[in-house]
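Thanks for coming. I have one model to go through, and I will take it piece by piece.

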Amino acid sequence: PEIATLMLRFADVQSRRIPVLFCEAAKEIAERQSPSIERYVFYGRPQQLDKTLLDALLSALKSHGVDGSEEVARIRREEHSIAVRPTNLLDYYYCASSAQPQETLWGTPVFSAYKRSNYYRAYGRESRFFFVGEAGSPVHLCLTCRLPDASEETVTVEMNGSFQVEIAATNKWSTWNIVVPESVAISGLNTVIVRWPTPRFSLDEAVKTVTEDIPHGLPEFYCGFGEIHSFTASNGRFANERAADMPMACPDAAESRM
């Protein structure tokens with residue numbers, strides 16, 4: 001309880017778009033002159049949505065009579081809501097909350113030396129993404145992806161466990177516009193899940209690739225399930241302004257899981 005105010009300031013800093021050193025809350029943290037806390041907040045660690053940590057922090061505060069949930073929700077809404085601006089779901093700030101560290105490494109500023117490609121790679125059947133939305137507002141998801149295999153397979157996109165649409169993906173980059181009905185979005189953090197088909201994995205090819213990669217840096221040891229070049233969430237009310245030649249996945253064709 002003695003550091004409740006400090007915990008609220010940390011939640012404030014993590015919820016902002018502006019750099020840490022420009023945050024008023026960060027100034028208050030620095031004025032406490034606590035080397036251990038300053039090291040965690042200020043030294044080389046980029047801000048992130050931090051869903052798991054901040055949810056636990058706010059829950060702990062509430063158990064001691066301090067409710068910071070509304071303030072954090074307000075900051076997130078004003079700074080990150082798709083009602084204000086589109087969200088790049090591959091941005092490290094949002095992507096880091098997926099609890100999928102291997103997928104996140106390519107976009108991590110601190111570990112940029114480990115980046116092997118200029119796009120997101122999935123190393124499992126499921127990829128999770130988050131954005132801040134508004135209840136009662138449709139959502140426009142724009143996904144550009146491909147599969148490692150040459151054959152056409154089905155990729156499933158889900159949102160908040162109550163919306164599902166299937167797209168036919170190949171090993172060629174394709175862009176899909178998905179309009180999620182207004183009944184699905186919630187105020188605050190929304191969850192999008194991309195489910196990939198199981199790829200055909202050749203052990204001989206994998207060993208050959210790893211062997212060739214070793215002289216040039218960190219080799220690729222993991223099997224890729226899918227790749228995403230771009231993935232954005234925006235206000236669905238403006239979805240009709242999308243490019244006419246892009247394929248559209250409509251709610252009418254989706255399987256609803258209410």
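Glutamate 227 is buried, with a relative accessible area of 8%; buried here means under 20% relative accessible area, exposed over 50%, and partly exposed in between, with a 1.4 Å probe and protein chains only. This is a predicted model, so local features need pLDDT of at least 70 and side-chain atom pairs count only at pLDDT 80 or more, while totals for chains, interfaces and linings use all residues. Residues are numbered from 1 along each chain as its sequence is written, and side-chain values use heavy atoms, with hydrogens and water left out.

Back to glutamate 227. Its side chain meets that of arginine 121 in a salt bridge, at 3.5 Å from N to O. The rule for a salt bridge is a side-chain nitrogen of Lys or Arg within 4 Å of a carboxyl oxygen of Asp or Glu. Arginine 121 is buried too, with a relative accessible area of 18%. Glutamate 227 sits in strand E9 and arginine 121 in strand E2, 106 residues apart, and the pair links distant parts of the chain. Helices (H or I, at least four residues) and strands (E, at least two) are DSSP runs, numbered from the N terminus.

Next, E9 itself. Of its 10 residues, 7 are buried, and the strand is mostly covered. Which strand does E9 pair with over 8 bridges? That is E4, in the antiparallel sense; two strands count as paired if DSSP finds at least two bridges between them. In that pairing, threonine 144 has serine 230 in E9 as its bridge partner, and cysteine 145 has isoleucine 228. E9 also pairs with E2, antiparallel over 3 bridges, where alanine 122 is partnered with glycine 226. Strand E1, residues 87-88, pairs with E9 in the antiparallel sense over 2 bridges, and threonine 87 stands opposite alanine 233.

Now E4. Why is E4 described as largely enclosed by the rest of the structure? Because 8 of its 8 residues are buried. On one side these are Val139, Leu141, Leu143 and Cys145, and on the other His140, Cys142, Thr144 and Arg146. E4 is joined to E7 as well, by 7 antiparallel bridges, with cysteine 142 opposite asparagine 177.

Leucine 141 gives a local view of this region. Leaving aside neighbours within four places in sequence, its contacts include Val157, Trp176, Ile178, Val192 and Phe231. Contact means heavy atoms within 4.5 Å.

That brings us to the cores. A nonpolar core is a set of buried Ala, Val, Leu, Ile, Met, Phe, Trp, Tyr and Cys residues joined through side-chain atoms within 4.5 Å. The largest has 32 residues, and Phe129, Val139, Leu141, Met159, Trp196, Ile228 and Phe231 touch the most other members. Strands that each supply at least two residues of this core include E3 (126-133), E4 (139-146), E5 (153-159) and E9 (226-235). A second, separate core has 17 residues, among them Phe10, Ala11, Cys23 and Leu57.

Phe10 and Ala11 are also among the buried residues of helix H1, along with Leu6 and Asp12. The buried residues of H1 pack against H2, H3 (35-42), H4 (51-62), H5 and H6 (92-95).

Aspartate 12 is buried, with a relative accessible area of 16%, and its side chain forms a salt bridge with that of arginine 16, at 2.9 Å from N to O. Arginine 16 also meets glutamate 79 in a salt bridge, at 3.2 Å from N to O. Glutamate 79 lies in helix H5 (69-80) and arginine 16 in the loop between H1 (4-14) and H2 (24-31), so this pair ties together parts that are 63 residues apart in sequence. Glutamate 79 is buried, with a relative accessible area of 16%.

By the same rule, the count of salt bridges comes to 11. Glu126, Arg128, Glu158 and Arg195 are linked in a network of them.

Last, the whole chain. It has 8 helices and 10 strands, and buried residues make up 45% of its 258 residues. Among contacts between residues at least 6 apart in sequence, 75% join residues at least 24 apart.
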